[in-house]
Amino acid sequence: MWGRVLVFSVFALVYIGMVVGRFPRLAMDRTGIVVIGAIVLAVCGKASLGGGRSGIDVPTLLLLFGFMVISGQFRLGGFYSEVARKLAALPLSPELLLGAVVAVSGILSALLTNDVVCLAVTPVLGNGCVRKRLNPLPFLLALACAANIGSAATLMGNPQNMLIGQYLALSFRGYLIFAIPPTVLSLFLLWVIAVVLFRGKWTLEIRAEPAPERPFDRRQTIKAAAVLGVVVLLFLFSPFSRETVALAGAGVLLFSRTMESRRTLDMVDWQLLVLFMGLFVVNAAFESAGGLEVIRELLGRGGISLSSPPWLYAVTTVLSNLVSNVPAVMLLLPLVKGIHLAGPILALSSTFAGNLIIVGSIANIIVVGEAARLGIPIDWKQHARLGVPVTAASLAAGLLCMRLF
């Protein structure tokens with residue numbers, strides 16, 4: 001009895017911590033809160049750190065690590081900065097330039113990871129807009145929204161999609177066919193909404209500080225592109241596991257005569273990997289203590305059925321904006337296992353929901369933070385003015401395409 005109370009209490013505190021970000025008078029961020037929760041459960045004998053009993057999904061962690069290395073290679077080669085420079089220099093009207101930003105950001109995020117795209121592109125794009133005397137606000141907000149939407153197109157575009165694909169053993173090609181139509185439609189709707197909202201506001205003067213830009217290394221970029229191309233082809237047409245392919249690609253990139261492996265490994269988001277491991281442990285303990293049955297009972301009493309696409313969309317949207325999409329997906333996955341189309345629905349909704357408010361996704365937080373360093377403030381109201389209608393439109397596009405699928 002007391003063991004169950006302990007597990008439920010730790011689980012509740014961990015997810016409350018994910019909502020508020022930190023506890024008063026404690027210097028712990030979300031990752032620290034999750035790790036402490038896992039440690040408490042392990043020390044008290046309510047969680048195992050050995051073998052499969054820990055709940056840690058090693059293949060998912062290896063897949064995520066592999067793609068972090070691949071993305072890191074592109075970043076070190078200055079690829080993202082070069083793309084942003086060329087985008088900002090295009091001789092287009094503001095409306096068409098915004099469309100180019102949306103399209104390129106969406107494509108890059110589908111093939112790499114949205115967080116890295118936003119981190120590398122934001123300062124260069126912001127500087128380019130200021131040089132052209134364009135208001136950078138619509139372009140940076142569109143970058144964040146497009147990166148989130150574009151990452152929904154594949155099972156390698158963001159961490160939660162990688163987790164969903166691995167946990168539910170989704171077909172990479174099958175999911176791609178399912179996700180491309182709502183993703184493309186959502187990107188188009190993003191562009192339309194942004195053009196309407198920012199009509200007549202393209203040349204607002206904003207003072208910005210120049211940001212350092214990484215020089216372009218063609219050789220390293222070509223190497224990364226070749227590895228990524230092979231990885232995608234193997235995902236599509238080979239029987240090899242995705243984590244094995246991603247690790248092999250990372251190994252090829254780390255094997256270098258000119259690029260120090262330390263520099264590449266510095267690009268890995270170790271905090272996110274640790275967050276994943278801690279959540280795996282906490283959620284496994286919660287499941288073993290009967291927590292999922294409690295959640296199912298509470299949802300049933302409220303008339304909520306996760307087997308219904310609209311309900312799954314709604315629950316995922318709310319939960320993703322409370323605790324962020326990765327923890328939300330980890331909690332919901334065991335509840336939707338075996339439900340038809342649950343994986344694609346969960347992947348699309350958790351990703352599209354990230355545009356609702358700033359804390360809905362790490363990509364949003366990165367763009368806002370990098371913009372602030374340039375002297376371009378973006379507040380909650382400014383983001384929500386675009387994020388709320390874009391989220392509603394993309395979720396509606398997902399439901400529409402799903403009915404036609």
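**Close-up views of a predicted all-chain model**

View 1. Leaving aside residues up to four places away in sequence, Ile-70 touches Leu-112, Val-227, Leu-228, Val-231, Ala-246 and Leu-253, where contact means heavy atoms within 4.5 Å. The model is predicted, so that local features need pLDDT of at least 70 and side-chain atom pairs count only at pLDDT 80 or more, whereas totals for chains, interfaces and linings use all residues. Residues are numbered from 1 along each chain as its sequence is written, and side-chain values use heavy atoms, with hydrogens and water left out. The largest nonpolar core has 131 residues, of which Phe-67, Ile-70, Tyr-80, Phe-139 and Phe-276 touch the most other members; helix α7 (residues 136–151) gives the most to this core, with 11 residues. Such a core is a set of buried Ala, Val, Leu, Ile, Met, Phe, Trp, Tyr and Cys residues joined through side-chain atoms within 4.5 Å, and buried means under 20% relative accessible area, exposed over 50% and partly exposed in between (1.4 Å probe, protein chains only).

**View 2. Leu-108 in helix α5.** Leu-108 is found in helix α5 (residues 94–111) and is buried, with a relative accessible area of 11%. Not counting residues up to four places away in sequence, Leu-108 touches Phe-79, Tyr-80, Val-83 and Val-117. Tyr-80 is also one of the residues that touch the most other members of the largest nonpolar core. The C-alpha atoms of Leu-108 and Leu-253 are separated by 19 Å, the two residues being 145 residues apart along the chain.

View 3. The buried residues of α8 are Pro-159, Gln-160, Asn-161, Met-162, Leu-163, Ile-164, Gly-165 and Gln-166. Helices (H or I, at least four residues) and strands (E, at least two) are DSSP runs, numbered from the N terminus. Ala-169, placed in the loop between α8 and α9 (172–197), has a positive phi of about 50° although it is not a glycine, and at 65% relative accessibility it counts as exposed.

**View 4. Arg-133 between two helices.** Arg-133 has its place in the loop between α6 (114–131) and α7, and counts as exposed at 62% relative accessibility. Its phi is positive, about 60°, although Arg-133 is not a glycine. Most residues other than glycine have a negative phi.

**View 5. Lining of the largest pocket.** The largest pocket has a volume of about 1,100 Å³ and is lined by 47 residues, of which Asp-115, Asp-269, Leu-272, Ile-362 and Ile-366 lie nearest its centre. Helix α18 (residues 362–373) gives the most to this lining, with seven residues. A pocket is an open set of points on a 1 Å grid over the protein atoms alone, where a 1.4 Å probe fits, with protein on both sides within 12 Å along at least five of seven lines, and lining residues have an atom within 4 Å of a point; the volume is the space filled by probe spheres set on the points, which are joined across faces, edges and corners.
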